[in-house]
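Here's a quick tour for anyone opening this one up for the first time. Have a look at the sequence and the fold, then read on.

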Amino acid sequence: MAPMGEPPVIIGRSKRIRDLLTMIERVAPFKSTVLISGESGTGKELFARAIHLGSTRADKPFVAVNCGAIPENLIEAELFGHVKGAYTGAVSSEEGYFEKAQRGTLLLDEIGDLPLNLQVKILRAIQEEEIQRVGGREPIKLDIRLIAATNRDLEKDVAEGRFRADLYYRLNVVHLLVPPLRDHIDDLPLLVQYFVERISRRIGKNVGELSPESMGMMRNYEWPGNVRELENVLEQTLIMIDPDQVIEPEHLPLFMERRGAERRRRFREEAMDRKLSLDEYAREFIMRFQDGHTEKQLAQFLGITPKTLWEKRKRWNLSRKRG
């Protein structure tokens, strides 16, 4: 059972995030089942908590369970509970997660990892609004709001027989698709500010701001681990730097710069395929990579002097973006 902890804070002003917040506001008051999908690290549980807190059940339990983290031989008892003597080691009767969420909200995270035999029982619990403990005979009536979350493509799993179609349609009454960080990268400065302030309080260290080059480097990174990876990178960085020190690119993890080199290589290949002229190549290169590098670095990558780079900017009316 996951404690509520601090209220969920959803950071972002991009259209993708604003649209999600609007959907949450509209769906929260109702009991309808919600399916939240998105890559790992995008904050699916955060959005589930926001739905719970926006509902009439906000003062009741919010129970989050990661279906993929429970051994298959234990998951039925964990979800539905068991009676004393139901199996070896069941020395007393125990509630499962469904009962613990009574009158509140149950989040079944990574529901795509459930085995098919358990999917049948989840479907029955939703349809009948009741469960039976393992080894029990008496049905237990349920009053819960169910939210499911997954990083899998459940439609594909249905087509390939790994997920029940009837359960999928029961879950997918309202669908929230949480975007990966790379698809709302304009929210990065807000997220960085939020995490830097929170991490600084937690570790008890005052830190400086990110330099424009560092922010640009972070913008150019693709963030495969999404917001969770961003928080981890910032915590690692803040721990290692001196108090009040400005965060420069050399303070960030090396793999971020290696990923930048890979992106530059792919750009060169794309430019060759498109048969760009030298001027077209230079202009597009500057526009795509300027946020992550100094003028000296850009000039070095292009094989020109900083003075020539300045002249090209002036000729193309291409101002230097900062931060």
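## A look around helix 14

What covers the buried residues of helix 14 includes helix 12 (278-289) and helix 13 (295-302). Helices here are DSSP runs (H or I, at least four residues), numbered from the N terminus, and contact means heavy atoms within 4.5 Å. Before going further: this is a predicted model, where local features need pLDDT of at least 70 and side-chain atom pairs count only at pLDDT 80 or more, while totals for chains, interfaces and linings use all residues. Residues are numbered from 1 along each chain as its sequence is written, and side-chain values use heavy atoms, with hydrogens and water left out.

So which residues of helix 14 (residues 306-316) are buried? They are Leu309, Lys312, Arg313 and Trp316. Buried means under 20% relative accessible area, exposed means over 50%, and partly exposed is in between (1.4 Å probe, protein chains only).

## Aromatic pairs

Rings of Phe, Tyr and Trp (its six-membered ring) pair if their centres lie within 6.5 Å; planes under 30 degrees apart are stacked, over 60 edge-to-face, and the rest tilted. That rule gives five aromatic pairs, including these:

| Pair | Type | Centre to centre | Between planes |
|---|---|---|---|
| Tyr168 and Tyr169 | edge-to-face | 5.2 Å | 65 degrees |
| Tyr281 and Phe285 | stacked | 6.0 Å | 20 degrees |

Tyr168 counts as buried because its relative accessibility is 6%, whereas Tyr169 is exposed at 59%. Tyr281 and Phe285 are both buried; they lie in helix 12, four residues apart, about one turn of the helix.

## Two more stops

Helix 1 (residues 15-27) packs against helix 2 (residues 44-53) at about 40 degrees, axes 8 Å apart. The axes are lines fitted to C-alpha atoms over the stretch in contact, with angles running from 0 to 180 degrees between N-to-C directions. Leu20, Ile24 and Val27 of helix 1 meet Phe47, Ala50 and Ile51 of helix 2.

Pro189, in helix 8 (residues 188-203), counts as partly exposed because its relative accessibility is 26%. Leaving aside neighbours within four places in sequence, Pro189 touches Met215 and Arg219.

How values were computed:
Helix = DSSP H or I, 4+ residues; strand = E, 2+ residues; numbered from the N terminus.
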